[in-house]
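This briefing covers one protein chain, from its overall form down to individual residues. The sequence and the structure come first.

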Amino acid sequence: MKYLWLVHLPLLVLLGYLYWRNRSMKQRQDALVQGLKGLHYWRINLARPSFYKSWLRIMPFEAKGVLIDDGETLRIKGFWLKGHRPFESSIDKASASVQWLGNRHLRAGNLYWAELNTPRGALLFCADTGMYALPSREALSDIFRSAFPDYALDEQQTTDFALEKNPRSISMVAAFFALFLFSLIDTFVISRFELTDAQLLNMLVSPLLPLGAAAGAGVLLLSCYLFMNRGGVPARESMVVGTFVALAALGAALPAAKRVDQWLADGPTQAYAYRVTSATRLEPVDPSLGLPRMYFPRAREYWDQFPPGSDYQIPFLRGPLGLWQLDHAAFDPPLIAFYEKR
């Protein structure tokens, strides 16, 4: 824990740099806007196609500027982030070629993009909505309606995406609820088998299990993202829904493993000898079996009737996955009878 600052310090430095850089860019953009009184313009972010396709970048754009409507022509004025070099380009509206790209990919930075052919080559732009990415689609569609009125916008470009209208997003949402309900119902309603606290703690302490779970969740998240994104679901929605599905799968992994272990077990529940070592604590008589230690802090009155050194039989189901599952159907009746008498 004492070396945690080695992780936090670079993150703080990066956040501070991004904040300073964004503030500096906005100030330069504000200076551009000061000379546009009486003109129709929009604040935009820009990127070249090669930059947009690259993954090795911190920010989703490489320039800030303004798109100015001069009537028959469009002007783009701005400056590149690297070196703050200014640039300006004019495009004839009649011959302008523009294409809506949207935000289908993560590299879009959660912003809606369009591609415009200029005399200096293709240039990508999106509406500058500051730190808020949600109004990006709406702001870009407003630019298209005004600057490119002949471009026919479809429903996806003029309305927000709805999860319930895409079959792939519907299937992923259904998978999330199925996994979530399975983990809850099987754990707390249906199953009479429970893993002990000691066994759960050993799983969490072991480095292999968390790493394997994280790797599996990452693969599942990527698979869900690609499945939805290739089916027309925007990048933001694909990532969010995929994250929920991956988290639900993590929650359902242990109940599913218990079920598999129960189905594959060679025999029924067996009773194993434990020795009472102190109030509420029991140790396996035969430690070579790998049985977990037992601790029952909420049933002290029941265990007080067994003096230290006495033996007690505890029922477990053991399958090929190596899980020791406490069988409450066989374990609970004596405790219930004891407390009913009290």
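**Overall form**

Residues 24 or more positions apart account for 58% of the chain's contacts with a separation of 6 or more, a contact being heavy atoms within 4.5 Å. The model is predicted: local features need pLDDT of at least 70, side-chain atom pairs count only at pLDDT 80 or more, and totals for chains, interfaces and linings use all residues. Residues are numbered from 1 along each chain as its sequence is written, and side-chain values use heavy atoms, with hydrogens and water left out.

- The chain has 10 helices and 13 strands; helices (H or I, at least four residues) and strands (E, at least two) are DSSP runs, numbered from the N terminus.
- With a radius of gyration of 31 Å, well over the 20 Å that the globule rule gives for 342 residues, the chain is more spread out than a compact globule. The radius is taken over C-alpha atoms, and the rule is 2.2 Å times the number of residues to the power 0.38.
- Along the principal axes, the C-alpha atoms of the chain fill a box of roughly 95 × 45 × 35 Å.
- Of the 342 residues, 36% count as buried. Buried means under 20% relative accessible area, exposed over 50%, and partly exposed in between (1.4 Å probe, protein chains only).

- Strand 5 (residues 98-102) and strand 6 (residues 113-118) run antiparallel and are joined by four bridges; two strands pair if DSSP finds at least two bridges between them.
- Val98 has Leu116 in strand 6 as its bridge partner.
- Strand 6 also runs antiparallel to strand 7 (residues 121-127), with five bridges joining them.
- Glu115 has its bridge partner, Leu124, in strand 7.

**Helices 5 and 7**

- The axes of helix 5 (residues 167-190) and helix 7 (residues 208-229) come within 8 Å and cross at roughly 150°. Axes are lines fitted to C-alpha atoms, for helices over the stretch in contact, and angles run from 0 to 180 degrees between N-to-C directions.
- Helix 5 is therefore roughly antiparallel to helix 7; angles under 35 degrees count as roughly parallel, over 145 as roughly antiparallel, 65 to 115 as roughly perpendicular and the rest as oblique.
- Arg168, Ser169, Ser171 and Met172 in helix 5 meet Cys224, Phe227 and Met228 in helix 7.
- The residues of this contact divide into four nonpolar, two polar and one charged. Ala, Val, Leu, Ile, Met, Phe, Trp, Tyr, Cys and Pro count as nonpolar, Asp, Glu, Lys and Arg as charged, and the others, Gly among them, as polar.

**Ala235 in helix 8**

- Ala235 lies in helix 8 (residues 235-264) and is buried, with a relative accessible area of 4%.
- Ala235 touches Asn103, Arg104, His105, Leu106, Tyr225 and Asn229, not counting residues up to four places away in sequence.
- From Ala235 to Val260 the C-alpha to C-alpha distance is 35 Å, for 25 residues in sequence.

**Positive phi in loops**

- Most residues other than glycine have a negative phi, and most peptide bonds are trans.
- Asn110, in the loop between strand 5 and strand 6, has a positive phi, near 65°. Asn110 is partly exposed, with a relative accessible area of 26%.
- Thr280, in the loop between strand 9 (270-278) and strand 10 (281-284), has a positive phi near 75°. Thr280 counts as buried, at 4% relative accessibility.
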